[in-house]
Amino acid sequence: MADRVHPRDSPFHTETTPLSLSRPSPPDSEKPVPPPGTYVIQIPKDQVYRVPPPENASRYQSYTHRKPRRSSCHCCCCWFLGLLAAIVFLSAAAAGIFYLVVRPEAPNYSVESIAFKGFNLTTTSSLPSAISPEIHVTVRAQNPNKKIGIYYERESSVKLFYSDIKLCDGVLPAFYQPSKNVTEFRTALTGSGIELTSAVHKGLVDAQKQGKVPLDLDLRAPVRIKVGPIKTWTITVKVACHLTVNRLTADASIVSRDCDYGVDPW
């Protein structure tokens with residue numbers, strides 16, 4: 001009679017195995033019952049590694065190694081900002097060099113004399129008559145610069161006001177003023193049929209009796225600056241003078257004067 005062979009214990013039951021093998025738990029209504037003769041292997045969750053299928057592994061690798069693309073708009077903005085910064089830096093450097101070499105100074109303007117004709121303020125009628133004044137003004141222009149000349153061009157204007165009422169206007173002569181030069185030019189201002197209200201007429205009469213007639217002279221002159229052989233574009237010189245004269249006659253004297261100077265570069 002042959003000997004009966006009994007199966008040996010499975011090696012999975014030894015204590016040296018790193019995995020925990022056990023028989024399935026008794027049947028339960030909530031858990032599926034494994035077939036007889038099977039084992040359940042329990043592995044800790046932190047030791048489970050998910051491996052993508054081969055067709056997805058190559059796609060994942062291509063995505064992870066792809067270099068980020070920079071948009072063309074971003075590159076254009078960087079290029080534009082760099083160009084703008086370079087232009088600003090070069091302009092500031094050129095302006096600094098120009099100032100150190102040329103040492104520009106603002107010209108000075110003043111009204112030296114003024115003479116009036118055509119102001120008939122002695123009328124006795126209830127309504128003042130219209131006036132057509134003629135005024136001769138002498139303006140003094142000083143160029144204190146050593147290396148800068150000034151071209152005074154045409155299309156200038158000179159206007160004389162009393163209490164915001166324009167009395168007459170005219171133009172300046174066109175000429176060139178060299179460096180370190182003082183030029184006085186005389187210009188004639190005329191007005192025709194200027195209607196004065198009773199209040200304005202009375203104000204002029206009273207101011208003349210007091211020997212203090214306030215006037216405003218507005219001057220606009222297009223000029224071009226010359227530095228060596230270089231001429232700039234046309235800029236506008238603006239001069240505003242507040243004058244006080246003692247009377248509105250040919251022998252009038254200037255009691256006080258205050259002139260402000262400005263430039264319109266465009």
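**View A. Arg224 and Glu153 meet in a salt bridge.** At 28% relative accessibility, Arg224 counts as partly exposed, a class that lies between buried (under 20% relative accessible area) and exposed (over 50%), found with a 1.4 Å probe and protein chains only. The model is predicted: local features need pLDDT of at least 70, side-chain atom pairs count only at pLDDT 80 or more, and totals for chains, interfaces and linings use all residues. Residues are numbered from 1 along each chain as its sequence is written, and side-chain values use heavy atoms, with hydrogens and water left out. The side chains of Arg224 and Glu153 come to 3.9 Å, N to O; a salt bridge is a side-chain nitrogen of Lys or Arg within 4 Å of a carboxyl oxygen of Asp or Glu. This pair links distant parts of the chain, 71 residues apart: Arg224 is in strand β10 (residues 213–227), and Glu153 is in the loop between β5 (148–152) and β6. Helices (H or I, at least four residues) and strands (E, at least two) are DSSP runs, numbered from the N terminus. Glu153 is also partly exposed, at 25% relative accessibility.

View B. Lys202 is exposed, with a relative accessible area of 52%, whereas Asp206 is partly exposed at 28%.

**View C. Arg220 and Asp218 meet in a salt bridge.** The N to O distance of this pair is 3.0 Å. Arg220 has a relative accessible area of 29%, so this residue is partly exposed. The structure holds four salt bridges, among them the one between Arg220 and Asp218.

**View D. A disulfide joins Cys241 to Cys259.** The S to S distance is 2.0 Å; a disulfide is a pair of cysteine sulfur atoms within 2.5 Å. By this rule the count comes to one disulfide. It links distant parts of the chain, with Cys241 in strand β12 (residues 235–245) and Cys259 in strand β13 (residues 254–264), 18 residues apart. The torsion about the S-S bond is about 110°, so the disulfide is right-handed. Cys241 is buried at 3% relative accessibility, while Cys259 is partly exposed at 23%.

**View E. Two further cysteines are Cys77 and Cys168.** Cys77 counts as partly exposed, at 41% relative accessibility. Cys168 is buried, and its relative accessible area is 1%.

View F. Lys238 is partly exposed, with 32% relative accessibility.

**View G. Strands β6 and β7 run antiparallel.** Five bridges join β6 (residues 157–162) to β7 (residues 165–170); two strands pair if DSSP finds at least two bridges between them. Val158 stands opposite Gly170 in β7. The hairpin of β6 and β7 has two residues between the strands, and Ser163 there takes a positive phi near 50°.

**View H. A nonpolar patch lies on the surface.** Its members are Trp79, Phe80, Leu81, Leu83, Leu84, Ile87 and Val88, with about 730 Å² of accessible area together. Patches are made of residues with over 30% relative accessible area and no salt bridge; like charges are joined within 9 Å, and nonpolar side chains (Val, Leu, Ile, Met, Phe, Trp, Tyr) within 5 Å. Accessible areas come from the Shrake-Rupley method with a 1.4 Å probe, and for residues only the protein chains shown count as cover. Val88, one of the patch residues, lies in helix α2 (residues 72–102).

**View I. The whole protein has three helices and 13 strands.** Of its 266 residues, 26% count as buried. Among contacts with a separation of 6 or more, 66% are between residues 24 or more positions apart. The protein exposes about 19200 Å², of which carbon and sulfur atoms supply 57%.

Methods: Contact = heavy atoms within 4.5 Å.
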